[in-house]
Amino acid sequence: MLGKTAALAASLVIIALPVPAQAATTTVTVDTVHPAGRLAADAVGLSFEMRELGIGNLDPARGNMAQLMRTLGASNLRIGGNTLDRDTLWLPAGQSPPDPKPDWVQDVVTPADIKRLRGLLDATGWKAEVGVNVGRWDPALVADQVRTMDQVLGKRLVAVECGNEPDQWEGKALRPPGYAYPQYHADWAACADVVGHDRIAGPDTAGTSSSWASSLAADEHDRMAMLTVHQYASGPDLTINRMLSAAQITSQLTAVAGNLAAATAHGLPMRVDEANSAYSGGVDGVSNKYASALWVIDYGLSMAQAGMAGINVHGGLGVCNAPIWNGKFQRYTPICASSTAYELAQQYQVMPIYYGIWMARQMGPGRFLPVTTDTTQNLSVYAVQGDDGRTRIALVHKDGAPVAVTLAVGGRNRSASVLAMTGAGLDQESTAVQGVTVDGTGRFSPAPSSARVTGGKLTLTVGAASAVVVTL
C-alpha cells in the first residue's frame, strides 16, 4: 500500500514540469506586504471525551499516543464531551466510590487521572481545557476537582470548562422543561464562583450560532478565558460532494460569525472546541475517508483566517469504525485502534483526517497574507507569513482534475519546498504525504520536494483531489 500511495503521490503533484493538457490553469497572487489576522500555533487541536481519562487512556507511558501528539506538534487538547455531565463522577483523593454508585455513573475520574494527563501534556508540549460536571452539579466535588487541576496541571491548564452542551441539558433530562439562557447563566455563575479564577471557558453549546454564547460573552467576559461552541459540518446525510463544496465552508463561517463578533467585541478569543464532519460519530464512507482530510485543512484554516483562535477535532480512542461507549460509531476520529487488543494497549493508528490536521499545522504560527486568484476550480488558497520569516502557501484542491497553478510571490529568485497530501480516492482510506504514512510508533517524516521561484513566480501542477503546502 505504501508503494502504491507513493506512486499515486508522484503522479498527482508535478513540480516545475510541463502542464498536462487536461489541467486547468490559475494564477494565485500573494500580497506579502500587508499581513492580516493571526494563525495561532495551536489553531488546530484535538478533543476527547472525559471518559478517556476515566478509563485510563491518554497515558504517555503506554502505546504511541504521546508520539502521535508530538508528530502533530504542540497544540491544544480539550477534554469534555457528552460523558462529562451525563455519566462522569469526580472522586477526590483518598475516597472510595459510593456503594452502590448512582445509576447514572459510568465513569469515575480521580486525581491520578489528572496526574496522568499532566504527564501527557509535559511529554508533548500541549496545553488543555478540561471540563467539570455542571449538568449534575455538586459544588464540593467541583471545588475539589478544580483545586486538583490547578495544582497538578498548572500553566498547562488553559481553562476550566463549566459543563458541556448546556443548551441540550433539557432534552437529556439534566434540567427541567423551560431551561433557557437565564437559568444557564445562573448555573455558569455558580460554577465560576467555585472555580475562583478567570481561566474559564464556555458556554460550550451544541448550537454553533446559539445566542447563549454571545450572551455569556456580554455578561461574563471579565471572568472568562475564552468563548467556546461546537460545530459539525452536517449530520448523517452528509456526502463527500457536499462536504467538499465551497458552500460548506461558507455555511460554517456564517454559523459562527455572530458569536465570533461578540467574542471580539468583548476581547475574548473563541474556539470551536468540538468539531468534526458529522455529529453522532460521523458518516461511513465520508468521515472516515480521504475526503475528510481535505475538508479539515480547509475548515481549520478558514476558521483561523476569519478570526477564530482555533478548532479542536473531536474523536474517540476505541476500535476504528466500531461502536464506542454510547453504541454510536466513531467514524470521524483522527486516532483509533485497529483491534480491541491494540485498543487495550493504547497502540493506535491514524485515519485520513489526521493527515489533514498535520498539513494544516504546517502553516503556522504566523499572520495570514491576502491572496487573490482567478480560478474557477474548487480550490482554496491560504498564505501565512510565518513567525520564522518563511512564507507558506496552502492549496486545497477538491476537483477531479489537476490544476496548473502559478504562484505570484514576488521577491528574489529563491528555492522553495513542497509537501503534497494525496489519497487513493476521495472515498478511500489510503492517505499519504509525499508518499509517506505515519508508522506504528507514531512517527512521520515526509521529505518535501524542491521547487524554485524565478522572476517572482513559482509554477506547479496540483493534482486532482490533493493538498499542497509550499514553503518559501
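Q: How many disulfides does the structure hold?
A: The structure holds two disulfides, a disulfide being a pair of cysteine sulfur atoms within 2.5 Å. This is a predicted model, in which local features need pLDDT of at least 70 and side-chain atom pairs count only at pLDDT 80 or more, while totals for chains, interfaces and linings use all residues. Residues are numbered from 1 along each chain as its sequence is written, and side-chain values use heavy atoms, with hydrogens and water left out.

Q: What makes the link of Cys-162 and Cys-191 a disulfide?
A: The sulfur atoms of Cys-162 and Cys-191 are 2.1 Å apart, which is within the limit, so the pair counts as a disulfide. The angle about its S-S bond is -80°, and the link is left-handed. Cys-162 belongs to strand β9 (residues 157-162) and Cys-191 to helix α7 (residues 181-195), so the bond ties together parts that are 29 residues apart in sequence; helices (H or I, at least four residues) and strands (E, at least two) are DSSP runs, numbered from the N terminus.

Q: Why is the disulfide of Cys-320 and Cys-336 called right-handed?
A: The torsion about its S-S bond is about 95°, and therefore the disulfide is right-handed. The sulfur atoms of Cys-320 and Cys-336 lie 2.0 Å apart. Cys-320 is in the loop between β13 (310-314) and β14 (335-336), whereas Cys-336 is in strand β14, so this pair joins parts that are 16 residues apart in sequence.

Q: How do you know whether Cys-320 is buried or exposed?
A: Its relative accessible area is 14%, so Cys-320 is buried, given that buried means under 20% relative accessible area, exposed over 50% and partly exposed in between (1.4 Å probe, protein chains only). Cys-336, at 0% relative accessibility, also counts as buried.

Q: What describes the packing of helix α10 and helix α11?
A: Two packed helices are described by the angle between their axes and the distance between the axes. Helix α10 (residues 246-265) and helix α11 (residues 290-306) pack at about 35°, with their axes 10 Å apart; axes are lines fitted to C-alpha atoms, for helices over the stretch in contact, and angles run from 0 to 180 degrees between N-to-C directions. Among the residues that make the contact are Ile-249 and Leu-253 of α10 and Asp-298 and Ser-302 of α11, contact meaning heavy atoms within 4.5 Å.

Q: Where does Ser-302 lie, and what is its surrounding?
A: Ser-302 lies in helix α11 and, with a relative accessible area of 5%, is buried. Leaving aside its neighbours within four places in sequence, Ser-302 is in contact with Ile-249, Leu-253 and Tyr-382.

Q: What makes the pair of Glu-165 and His-230 a polar contact?
A: A polar contact is a pair of N or O atoms within 3.5 Å, where within protein one must be able to donate a hydrogen and the other to accept it, and residues adjacent in sequence count only if both atoms are side-chain atoms. The side chains of Glu-165 and His-230 are joined at 2.7 Å, which is within that limit, so the pair qualifies. Glu-165 sits in the loop between β9 and α7 and is buried, with a relative accessible area of 7%.

Q: Which polar contact joins the side chains of Asp-273 and His-230?
A: The polar contact between these side chains is one of 3.4 Å. Asp-273 lies in strand β12 (residues 270-278) and is buried, at a relative accessible area of 0%.
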